[in-house]
Amino acid sequence: MLPCHMHAIPVKVDLEDRLVSDGLFSIKLEAPSAMFEKCYELGQYLYFEDFNQEESLFQITRPIPRQYLRTITAEAIGRPELANWHDNPNWEQVNADRDKLKEVFKNEKIS
């Protein structure tokens with residue numbers, strides 16, 4: 001099994017142009033199940049689902065900075081200071097968003 005983790009970023013922002021301009025290659029997925037096949041093939045990747053529920057994998061072909069997605073998201077929403085989670089943990093927002101996501105996923109079964 002590939003090690004992975006997920007970030008849920010509950011903002012309506014499109015990061016695809018930034019990812020591509022930073023030299024990452026977008027691979028459109030035909031079906032959700034195609035993600036697993038591609039992940040094994042690529043090794044290192046970023047998975048991105050936008051607010052229109054379009055899914056893409058971005059092949060990582062060069063080193064990217066730590067907290068890369070957090071940084072480009074913070075910049076995209078005009079709050080670059082939020083990229084530094086040590087100085088700006090924003091726990092109130094994290095807890096509010098977690099509660100919203102709990103409601104969304106309460107009937108989902110994870111196997």
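The protein chain exposes about 8700 Å² of surface, and carbon and sulfur atoms supply 54% of that area. The model described here is a predicted one. Of the 111 residues of the protein chain, 24% count as buried. The chain contains four helices and three strands, and, read from the N terminus on, these elements run in the order α-β-α-β-β-α-α. Among the contacts between residues at least 6 apart in sequence, 54% join residues that are at least 24 apart.

**The strands**

Strands β2 and β3 run antiparallel and are joined by five bridges. Together they form a hairpin with five residues between the two strands, and Gln53, which lies in the turn, has a positive phi of about 65 degrees. Within this pairing, Tyr45 stands opposite Gln59 in β3.

Leaving aside residues up to four places away in sequence, Ser56 touches Glu16, Ser26, Ile27, Lys28, Leu46, Tyr47 and Phe48.

In soluble globular proteins, nonpolar side chains tend to be buried together. The largest nonpolar core here is made up of eleven residues, namely Val13, Leu15, Leu19, Leu24, Leu46, Phe48, Phe58, Ile60, Tyr68, Leu69 and Ile72. Both β2 and α3 supply at least two residues of this core, and the largest share, three residues, comes from α3.

The spacing can be understood from helix geometry: an α-helix has 3.6 residues a turn, so residues three or four places apart point the same way. After α2 comes Gly43, whose phi is positive, near 85 degrees.

Most residues other than glycine have a negative phi, and most peptide bonds are trans. Gln67, although it is not a glycine, has a positive phi of about 60 degrees. Gln67 lies in the loop between β3 and α3 (68-76), and it is partly exposed, with a relative accessible area of 33%. For Asn90, phi is near 55 degrees, which is likewise a positive value in a residue other than glycine. Asn90 is found in the loop between α3 and α4 (91-105), and its relative accessible area of 37% makes it partly exposed.

**Salt bridges**

How many salt bridges does the count come to? The count comes to four. Several of them are set out below, with the distance between nitrogen and oxygen.

| Nitrogen side | Carboxyl side | N to O distance |
|---|---|---|
| Arg18 | Glu75 | 2.6 Å |
| Arg79 | Glu81 | 2.6 Å |
| Arg98 | Asp99 | 3.5 Å |

The pair of Arg18 and Glu75 links distant parts of the chain, since Arg18 belongs to helix α1 (residues 16-21) and Glu75 to helix α3, 57 residues apart. Arg18 is partly exposed, with a relative accessible area of 32%, and Glu75 is partly exposed as well, at 39%. Salt bridges that share partners join Arg18, Asp22 and Glu75 into one network.

Arg79 is partly exposed, with a relative accessible area of 39%, and Glu81 is partly exposed, with a value of 36%. Arg98 counts as partly exposed at 41% relative accessibility, and Asp99 counts as partly exposed at 40%.

Key: Residues numbered from 1 in each chain as written. Predicted model: local features only at pLDDT ≥ 70, side-chain atom pairs only at ≥ 80, totals over all residues. Heavy atoms only, no water. Buried < 20%, exposed > 50% of the residue type's maximum accessible area, 1.4 Å probe, protein only. Core = buried A, V, L, I, M, F, W, Y, C linked by side-chain atoms within 4.5 Å. Contact = heavy atoms within 4.5 Å. Areas by Shrake-Rupley, 256 points an atom, 1.4 Å probe, with all protein chains shown as cover. Pairing = 2+ DSSP bridges. Salt bridge = Lys/Arg side-chain N within 4 Å of Asp/Glu carboxyl O.
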